[in-house]
Every structure is written in C-alpha cells, then in structure tokens.
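Good morning. Please take a look at the structure on the screen before I go through the ligand sites.

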Amino acid sequence: MQPDEFAGATRWVPQNGGIRKLRAALSDCRGCDLQEYAERVVPGEGPVRARMMLVGETPGDVEDKEGHVFVGPAGRLLDKALAEAGIDRSEVYLTNAVKHFRFERQGKRRIHKTPAVGHIVACHPWLDRELTIVKPELVVILGAVAARSLLGTGFKVTEHRGERVELPDGRAAVATVHPSAVVRSQEFRRDFADFVKDLRAAAGLLA
Ligand code: URA
Ligand code: SF4
C-alpha cells in the first residue's frame, strides 16, 4: 500500500469521552500500515489539564519496546532541556504526531525512519482529538514532522523557531527542533543551548 492510500485513523478515534477512552481505542487503530510492524502503540502521557502540550515525531526503538513516550535517548535529552528551561515534565502533556514506530531493519537493529506524509496525515485525527480533550494553552512543536501535522506544508521550523505562531484553530504554538537532532548534533553545546532557549521562550508565553 502507498502512504497516500491509507484509510486514516478517523474511524477508530472516539468522538466522545476522555483520554482513557482515547487510549483504550488507540491500540485497535488500523489507519495506516505502521501498526503491522511496530511492537505496540505509544500513547500520549501527562496530566489531562496540562497547559502545555509537546508534540514529537514518532516513537523510537526504546519507546516501541516500553510503550511510553520519550524514554529513549531523545527523551533523556528532552528531560535535561526541559529542566534547564524550568519546565516540569510531570506538568506537561507529551505526545507524538505519529503513534506507531516507523523503522527499517538493518540486521538485528531497527533503524528509525521518518514517517511519510501519508502516515502523518493518517495519524492526525488522534492528535486532533488529544488537543480537543487536553485543551492546552500552548503547543510546542518538536521538529518538522509535528510541524507538518499541525501547520501543514510551507511552514519551516528553522525560519520560525522560538517564535509564537498559531495553529489553524487559533491556539498558540512554538516550534523548535526535534531533540534527536540535538542528540546527533556535531555542535552539541550550541544546539542544546538553542533548544533550551526555544523551550524557555515557550514557557515564557505561559507565564
Ligand atoms: N522521538 C519522538 O518524537 N517521540 C518519542 O516518543 C521518542 C523519540
Ligand atoms: Fe493508526 Fe497512527 Fe498507528 Fe497509523 S501510526 S496505525 S494512523 S495510530
């Protein structure tokens, strides 16, 4: 199946109820092909009344095995950056634009592969429903995949990082890079500092 032929998640997303109902429905989703290969679905986590929602890309290898968001290398970096920016991880809602891990096998290893636009579009109804339930005042967009999901084509994170932007529904958002880009960076100190700066700017919008 080609990514532009996916059914999309809509028919699996409950249109009433809260986060618990959403979580329970998530593992049944057949909105795209990623559920055929991943170990498990990785739902969003955090307080349902969070003022800030952070949206990543897709679970990684560790997240897929453990079933929790941002618990691998990118998650450890994110934790450190949030702490430096004065943001308490336990007070934010963390989720991904695409809820199943996408990867390529290389021998025994599973190498992360960026979701195609078809996966991002197919999975968007889950994110949309999370936004409706959690109603965050501010959304932090972590990287290009989350930006594609929430802002469509034509938005470049590098041109607008750290700025206040608006989602189509008028909700405030700040876009920044994905923490795994910082993990891999050749200029780690600079890129980590810039990432923290964007997170601090986001926190400042809530203050
Ligand atoms: N990268 C993401 O975007 N999300 C995770 O949960 C882990 C790594
Ligand atoms: Fe459904 Fe999203 Fe998983 Fe695709 S990635 S099967 S749309 S939950």
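Which residues are around ligand 1? They are Gly 56, Glu 57, Thr 58, Pro 59, Gly 60, Glu 63, Val 69, Phe 70, Asn 96 and His 178, where a residue is near a molecule if one of its heavy atoms lies within 4 Å of it.

A word on the source: this is a predicted model, with local features needing pLDDT of at least 70, side-chain atom pairs counting only at pLDDT 80 or more, and totals for chains, interfaces and linings using all residues. Residues are numbered from 1 along each chain as its sequence is written, chains are lettered from A and ligands numbered from 1 in the order in which they are written, and side-chain values use heavy atoms, with hydrogens and water left out.

Back to ligand 1. By class, its shell has 3 nonpolar, 5 polar and 2 charged residues. Here Ala, Val, Leu, Ile, Met, Phe, Trp, Tyr, Cys and Pro count as nonpolar, Asp, Glu, Lys and Arg as charged, and the others, Gly among them, as polar.

Next, the oxygen atoms of ligand 1. One is 2.6 Å from an N or O atom in the side chain of His 178. On the backbone side, a polar atom of Glu 57 is 2.7 Å from an oxygen atom of ligand 1, and for Phe 70 a backbone N or O atom lies 2.9 Å from one.

Now ligand 2. Its surroundings are Cys 29, Gly 31, Cys 32, Gln 35, Val 98, Lys 99, His 100, Ala 122, Cys 123 and Trp 126. By class, that shell has 6 nonpolar, 3 polar and 1 charged residues.

Methods
Polar contact = N/O pair within 3.5 Å; in protein donor to acceptor, adjacent residues only side chain to side chain.
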